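Please read the following note with the sequence and the three-dimensional view side by side.

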Amino acid sequence: MVDVNKLRESLSAMPVPEPRPGFVDRVLANAKHDIRRPFNWWAAGLGALAATIACVALLWKPAPAPEPSIRLALNESRDVPLVIDSERALDDATIRLYVTGSVELAGYEQQHEIEWKTSLTAGANLLSLPVVGRAPGDGLVIAEIEHQGHTRRLSLALHVTAPGDDSA
Amino acid sequence: MAAEFDLLMRGHVRPLYRYAYRWTGDVDQAEDLVQETLTRLYSDVPRLREIERVRPWAARVMYRIFLDWLRRTRRSPVVYVGRSGSTGECFDDEDEQAEAPADTWNPEDLTERAFEMERVTAAWARLHEQHRVVLSLHEIEGYSLDEVAHIIEVPVGTAKSRLNRARNRLRELLNEGTNPPAPTCNSPETQ
């Protein structure tokens, strides 16, 4: 049985991390000026691309499909991380996922295009894509992020190995 | 108007951040939530002038924004993992009581306290966001039920039952075990 007073005490004592330096002045100033800097995709870059995160930008011009960077076994489910690095928090961003080839997203079987509106926080936004390998061969997931007329695409190339296929 | 807004709101920014952090569990999201709240409030300074108690009013505005965020992210088929806060120093807030001096505690109390804090923090992180909101407003910030109901814009009866459910859920989580899994922001329940 949890003692109520002790619980209240513990709840009140839960640490709250400091906000970034200058937070109070900054938020008050921004509120007055309603700063909505245009999102600078190029300055934002792609964030920390560790070996486990494969994230290749597609240019507007048609480009050859990237080399598969993630390998899945047939019917394997895996949460694949994708980083979207944003210089600033963005409300009402639209994210579209296009899924083709040998993979699907768990819970969205046979859906090749998924779209939703969301907010991105300043800094690294880590999306965890629930990918499933459905057939042997190459697959592609393209993430398109749109905000106020600016669009950026990221693509993730995958390869699903057939049973007994040991090719690396 | 800018100077007036500053005067009206400066003393409330840190408490609002504290609420926002307890609701979201994430420093970036908490900062953004406060930013959006202030931006909205700035457009309504004439109304702010009329309000007797600004902080609950601002908390109400912030809660509406928070609900919008929750609705939008719930539709997402993927999981977002924002930057979580560092375990830096606690807020230096004049409303919080100072801790008792260390020499009045015995080491057993300290160990038990640290253990309890870990359990409570882990359980808190697993709570549904709306439970965190009512618990933080009532149990931590000391708002009355009427005030909580006003902030979250529900009838008092609804606020009371939500608070009871939140308390029960927190007790369940605390009683579940000493090592609950550490969740990520908005992560779906696993299995």
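**Notes on chains A and B**

1. The secondary structure of chain A consists of three helices and nine strands, where helices (H or I, at least four residues) and strands (E, at least two) are DSSP runs numbered from the N terminus. Read from the N terminus, the elements of chain A follow the order α-α-α-β-β-β-β-β-β-β-β-β.

2. Please keep in mind that this is a predicted model, in which local features need pLDDT of at least 70 and side-chain atom pairs count only at pLDDT 80 or more, while totals for chains, interfaces and linings use all residues. Residues are numbered from 1 along each chain as its sequence is written, chains are lettered from A and ligands numbered from 1 in the order in which they are written, and side-chain values use heavy atoms, with hydrogens and water left out.

3. Of the 168 residues in chain A, 45% are buried, a word that stands for under 20% relative accessible area, with exposed meaning over 50% and partly exposed in between (1.4 Å probe, protein chains only). Among the contacts (heavy atoms within 4.5 Å) in chain A with a separation of 6 or more, 78% come from residues 24 or more positions apart.

4. Strand S8 (residues 137–147) of chain A is largely enclosed by the rest of the structure, because eight of its 11 residues are buried. Strand S4 (residues 90–101) of chain A pairs with S8(A) in the antiparallel sense over eight bridges, pairing being assigned if DSSP finds at least two bridges between two strands; A:Val99 has A:Val141 of S8(A) as its bridge partner.

5. S8(A) is also joined to strand S9 (residues 150–161) of chain A by 11 bridges, and the two run antiparallel, with A:Glu146 opposite A:Thr151 in S9(A). S8(A) and S9(A) form a hairpin with two residues between them, and A:Gln148 in the turn has a positive phi of about 50°.

6. In chain B, the axes of helix H6 (residues 129–140) and helix H8 (residues 156–176) come within 9 Å and cross at roughly 100°, the axes being lines fitted to C-alpha atoms over the stretch in contact, with angles from 0 to 180 degrees between N-to-C directions. H6(B) is therefore roughly perpendicular to H8(B), a label given to angles of 65 to 115 degrees. Residues making the contact include B:Val134 and B:Leu135 of H6(B) and B:Leu163 and B:Ala166 of H8(B).

7. B:Arg14 lies in helix H1 (residues 2–24) of chain B, and its 29% relative accessibility makes it partly exposed.

Note on methods:
Angles under 35 degrees count as roughly parallel, over 145 as roughly antiparallel, 65 to 115 as roughly perpendicular and the rest as oblique.
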